[in-house]
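Here is a short briefing for a first look at this model. Start with the pockets, then turn to a pair of packed helices.

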Amino acid sequence: MSKQPGRRGKDNRQRIVEAANELFYHKGYGRTSFSDIAEAANFPRGNFYYYFKTKNQLLEEVLQHRLQGLKAMVNEWTQTYEDPARRLACLADMIEYSADEIVAWGCPIGTLISELGKADERLQARARQLFDVIIDWLREQLEALGHGEQSDVLAKLLISRVQGITTLAHAYHDRTYLDYEVRCLREEIQRIASREHPYECGK
């Protein structure tokens, strides 16, 4: 049975978005052209503009695609583990699982936000919503562990640790460094979760 035109158009649009998402990560937003995306998506360049008139419009769709993926990821962590401490450890699991990609291309969120900040503040603010999803989720786990008003600061501290790890691992293309830092991050998460040595941020 042939697909309905509406479904076919939706599939084509999704194919373009997925190809652009990968290229923006691997090559960078600024260095990726419509021709690159059309070739990666195996989609005729002449039909490309029917779906996206500008690269910024396509970027908006890519950001929405990533946002949905992040929300699905943290929801899965929440549903899989009842213990907030174990949920926090998923942050280290995520780095470990994506280690080879991180060493090769860096953090897909951090690199994009850094690049957009040099060109378009509005798009950077839109991309920053990706961080917001993770920070909000981390804050919820930390509040459940009893960190109260420190939860927001601790959530951002954990994100800054992740960004530091991914940035240096990519800069030096060093998998050994990344593996070591992931182990340290796990220990740090355990300390935060156990409250044996609670952080006194800002004091």
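Lys10, Asp11, Arg13, Gln14, Val17, Glu61, Gln64, His65 and Gln68 line the second largest pocket. Note that the model is predicted.

**Second largest pocket**
- The volume of the second largest pocket is about 160 Å³.
- Helix 1 and helix 4 are the elements that each give two or more residues to its lining.
- Helix 1 gives the largest share, five residues.
- By class, this lining has one nonpolar, four polar and four charged residues.
- Domain 1 (1-53) and domain 2 (62-194) each supply at least three residues of the lining.

**Largest pocket**
- The largest pocket has a volume of about 830 Å³.
- It is lined by 31 residues, and Leu70, Met73, Met94, Ser98 and Pro108 are the closest to its centre.
- At least two lining residues come from each of helix 1 (5-26), helix 4 (55-80), helix 5, helix 6 (99-105), helix 7 (108-117), helix 8 (121-144) and helix 9 (151-172).
- The lining divides into 18 nonpolar, seven polar and six charged residues.
- Both domain 1 (1-53) and domain 2 (62-194) contribute to the lining, so the largest pocket lies between them.

**Helix 5 against helix 10**
- Helix 5 (residues 84-97) packs with helix 10 (residues 175-194) at about 170°, and their axes are 10 Å apart.
- That angle makes the two helices roughly antiparallel.
- Helix 5 makes the contact through Ala85, Leu88, Ala89, Ala92, Asp93, Ile95 and Glu96.
- Helix 10 answers with Leu178, Val182, Leu185, Arg186, Ile189 and Ala193.
- The contact residues comprise ten nonpolar, no polar and three charged.

Technical notes
Residues are numbered from 1 along each chain as its sequence is written. This is a predicted model: local features need pLDDT of at least 70, side-chain atom pairs count only at pLDDT 80 or more; totals for chains, interfaces and linings use all residues. Side-chain values use heavy atoms; hydrogens and water are left out. Axes are lines fitted to C-alpha atoms, for helices over the stretch in contact, and angles run from 0 to 180 degrees between N-to-C directions. Helices (H or I, at least four residues) and strands (E, at least two) are DSSP runs, numbered from the N terminus. Angles under 35 degrees count as roughly parallel, over 145 as roughly antiparallel, 65 to 115 as roughly perpendicular and the rest as oblique. Contact means heavy atoms within 4.5 Å. Ala, Val, Leu, Ile, Met, Phe, Trp, Tyr, Cys and Pro count as nonpolar, Asp, Glu, Lys and Arg as charged, and the others, Gly among them, as polar. On a 1 Å grid over the protein atoms alone, a cavity is a set of points where a 1.4 Å probe fits but cannot get out, and a pocket is an open set with protein on both sides within 12 Å along at least five of seven lines; lining residues have an atom within 4 Å of a point. Grid points are joined across faces, edges and corners, and a volume is the space filled by probe spheres set on the points. Domain bounds come from an automatic or database domain assignment.
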